[in-house]
Structure formats: C-alpha cells, structure tokens
Amino acid sequence: AKSTPPSVFPLVPCCTKTSSAPMDQTLACLVTGYFPQKVKIQWNSLSDPAGSRSFPEVLKSDGLYTTSSMLAITASNRQSNPYHCDVTHDGTKNTVSKKFPLECKNPCLRSSLEPTIYMSKPSYEDLIKQPGRVSCLVLGYDLAATAITWEVDGKVSSAVKTEPAKNNTNGTSSLVSSHTVSLAQWLGGSNFTCKSYSFLAPLPFHLGISKKEPSVTISQAYREDISGNRVSSTLICETSGFYPQEISISWLKNNSQEVKSSYNNGPVSASGTFSAYSILKVERSEGAGTYSCVVHHPALKEALLILGKNHRDLSYLGGA
C-alpha cells in the first residue's frame with residue numbers, strides 16, 4: 001500500500017472574556033489521515049514532557065490512521081515562547097511542526113463543540129491470560145448529564161463500568177467507560193462500539209479483519225572469553241509477515257516459562273504486514289537447557305513453539 005503523510009492540526013480550547021489564553025489550559029495535537037503506522041509526537045522537541053498524554057492510534061474506515069497527544073499547561077509551568085508539536089511519520093520519514101497561538105482568536109466556542117471520543121484496548125499478551133477491558137474516554141464540556149452506551153456486534157450490552165464525570169482545570173470534562181472483552185471475542189471477530197450522544201467511535205483494533213500467520217525464525221550467537229570459551233549465548237526469535245499487529249512472544253527453558261525480565265521484546269514495525277522480535281541472553285552460570293520461542297497471534301489456532309537453532313549447543317554453557 002502507498003504511504004500517506006499525516007495532516008497535523010494544533011487545537012487550543014478558548015473561552016475567556018479577553019480572548020487571551022487561560023492560565024490553565026490543555027493543548028491538543030491532532031494527527032490524522034496517515035498510513036502506515038506509526039507516528040512520533042514531541043512537544044517543544046521533548047518526547048515525554050510533564051503533563052503530556054498520547055492516545056492510541058485508530059484505524060479509520062478509509063484505511064488511514066489517526067491519533068492525538070495532549071499537553072496540560074498550568075500557570076506555574078507556562079512558558080513565554082510559543083508551544084509547538086513535532087510529528088514524525090515512520091512510513092514517509094516526514095516531520096511536520098505546528099505552532100500554537102499565544103492568544104485565542106475565537107473565544108467562547110465551547111458550547112458548539114462536540115465531545116471527542118478516544119478508545120484504548122488491553123494488550124494482546126494480557127488478554128491471552130485473562131479477560132480484559134476496552135476503555136472509552138470522552139472529552140468535552142459539561143459532561144455531567146452525558147450517558148455512554150456500548151454495542152457488541154450491533155446489540156446493546158450492559159457489561160460496562162462507567163465512572164462519574166470529572167471536571168478538569170482547563171474547563172473541560174472527561175468521562176471514562178469500559179467494557180469487558182475476552183480472547184474468544186477477539187478471535188471471533190466481535191465488533192465493539194462506544195456511543196456518546198450521536199457520536200460513534202469504532203474499536204481501534206478491528207476484530208473482523210483478515211488475519212495472516214507470522215513466519216518465525218530463530219538465530220543464535222555466542223560470546224567467548226579470551227581463552228575461546230563460550231560464556232554466554234544470545235537467541236533472537238524473529239516474527240514477520242503477520243496481520244493484525246497484536247502478537248505475544250515469550251520463551252521456555254526445558255518447557256518451563258522464562259521470567260519476562262530475562263528477555264527483551266522489540267517494537268512491532270509495519271511495512272504492509274507487521275514484524276517483531278525477542279532477544280534472550282543466556283549466561284553460562286545458568287546451566288544447560290533447551291530453549292524454545294513461543295508465539296501467540298490471532299491468526300494462529302494455537303501457540304506456535306519453535307526450538308532454538310542448534311539448541312543442544314547450549315549444553316556447552318553448563319560445562320566446566
């Protein structure tokens with residue numbers, strides 16, 4: 001598919017008698033209309049400044065992605081120079097920078113603003129272990145009387161938990177609701193919808209899309225001391241060509257689960273389909289063992305278990 005750069009919109013909530021920016025406010029950087037994932041959003045050239053919050057990327061019906069980031073500004077941390085958000089798109093290697101005005105040019109527009117809905121999902125790895133929850137965050141003004149309803153496969157569902165509306169320091173309100181989701185619903189292609197007023201937002205992971213199994217390979221390298229003795233081994237489990245992006249990679253030693261702190265999983269990357277990897281380092285002091293890479297993915301009917309390449313060589317690590 002052809003890569004499409006994002007459009008970036010700086011959003012400033014305004015409602016004051018003097019049209020000047022309020023002392024406490026929240027800036028929003030809306031990034032939309034891009035493909036493929038993903039984008040990096042920085043505020044004033046900082047990746048994760050205090051008061052910032054980024055929301056999950058959402059795949060829209062037109063096949064393009066959208067996301068946003070918000071920055072809460074208080075009177076104590078406000079700077080005199082203009083704020084700006086910088087958006088870098090991995091697919092096109094394009095960077096767009098947008099400045100925010102120091103003053104509001106259109107005061108008191110909040111009564112005409114529709115609420116904005118963001119949705120987040122549990123991690124696929126957590127969902128394998130136990131049911132999770134899909135969350136729906138509504139941002140807007142005067143949400144005290146706002147009701148949120150959920151639909152699963154087009155039918156109204158009551159398996160929800162909705163928190164009371166919260167008033168924010170910048171004059172906005174936020175409302176959070178969540179719905180249970182099981183692994184069976186995920187694999188079965190269930191469609192979740194969160195509804196506030198007449199605004200609909202689809203679940204960011206599309207359960208009904210086509211699926212493609214990952215291709216899995218394992219490579220292995222040794223580190224030797226100055227005498228030529230092997231002192232450690234590094235195993236790399238690479239997965240590629242899968243769709244959708246949700247995947248879980250873990251390791252077994254002699255058919256027993258390795259603790260998560262003993263290996264590092266790289267990020268999922270995209271170029272039409274998705275790829276990911278996991279690295280396990282084995283020290284000689286840990287003794288001999290047979291290591292296997294375990295892969296869970298929605299396209300697989302059961303977990304895929306791959307033995308390490310030349311895994312018997314690892315027994316050398318346990319020698320004298």
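This is a predicted model: local features need pLDDT of at least 70, side-chain atom pairs count only at pLDDT 80 or more; totals for chains, interfaces and linings use all residues.
**Close-up views of the disulfides, a strand and a pocket**

View 1. The partner of Cys 29 is Cys 85, to which a disulfide joins it with an S to S distance of 2.2 Å. Because the torsion about the S-S bond of Cys 29 and Cys 85 is about 60°, this disulfide is right-handed. Cys 29 belongs to strand β2 (residues 25-34) and Cys 85 to strand β7 (residues 84-89), so the pair ties together parts of the chain that are 56 residues apart in sequence. Cys 85, likewise at 0% relative accessibility, counts as buried.

**View 2. The disulfide of Cys 136 and Cys 194.** In this view a disulfide joins Cys 136 to Cys 194, with an S to S distance of 2.0 Å. The link of Cys 136 and Cys 194 is left-handed, with -70° about the S-S bond. The pair connects distant parts of the chain, since Cys 136 sits in strand β10 (residues 132-140) and Cys 194 in strand β16 (residues 192-196), 58 residues apart. The relative accessible area of Cys 136 is 0%, which means that this residue is buried, and Cys 194, at 0% relative accessibility, also counts as buried.

**View 3. The disulfide of Cys 237 and Cys 293.** The sulfur atoms of Cys 237 and Cys 293 are 2.0 Å apart, and the two residues form a disulfide. The torsion about the S-S bond of Cys 237 and Cys 293 is about -75°, and the disulfide is therefore left-handed. As Cys 237 lies in strand β19 (residues 230-242) and Cys 293 in strand β25 (residues 291-296), the pair ties together parts that are 56 residues apart in sequence. Both Cys 237 and Cys 293 are buried. The count of disulfides comes to 3.

**View 4. Strand β3 beside strand β7.** Strand β3 (residues 39-43) has 4 of its 5 residues buried, so it is largely enclosed by the rest of the structure. Strand β3 pairs with β7 in the antiparallel sense, over 5 bridges, and within this pairing Ile 41 has Val 87 of β7 as its bridge partner. Strand β7 (residues 84-89) is also the strand in which Cys 85 lies.

**View 5. The second largest pocket.** Two or more lining residues come from each of α1 (124-129), β20 (248-253), β23 (269-271) and β24 (273-283).

**View 6. The chain around the close-ups.** The chain contains 2 helices and 26 strands, and 40% of its 320 residues count as buried. Among the contacts in the chain with a separation of 6 or more, 64% are accounted for by residues 24 or more positions apart.

Definitions and conventions. Residues are numbered from 1 along each chain as its sequence is written. Side-chain values use heavy atoms; hydrogens and water are left out. A disulfide is a pair of cysteine sulfur atoms within 2.5 Å. Buried means under 20% relative accessible area, exposed over 50%, partly exposed in between (1.4 Å probe, protein chains only). Two strands pair if DSSP finds at least two bridges between them. Contact means heavy atoms within 4.5 Å.
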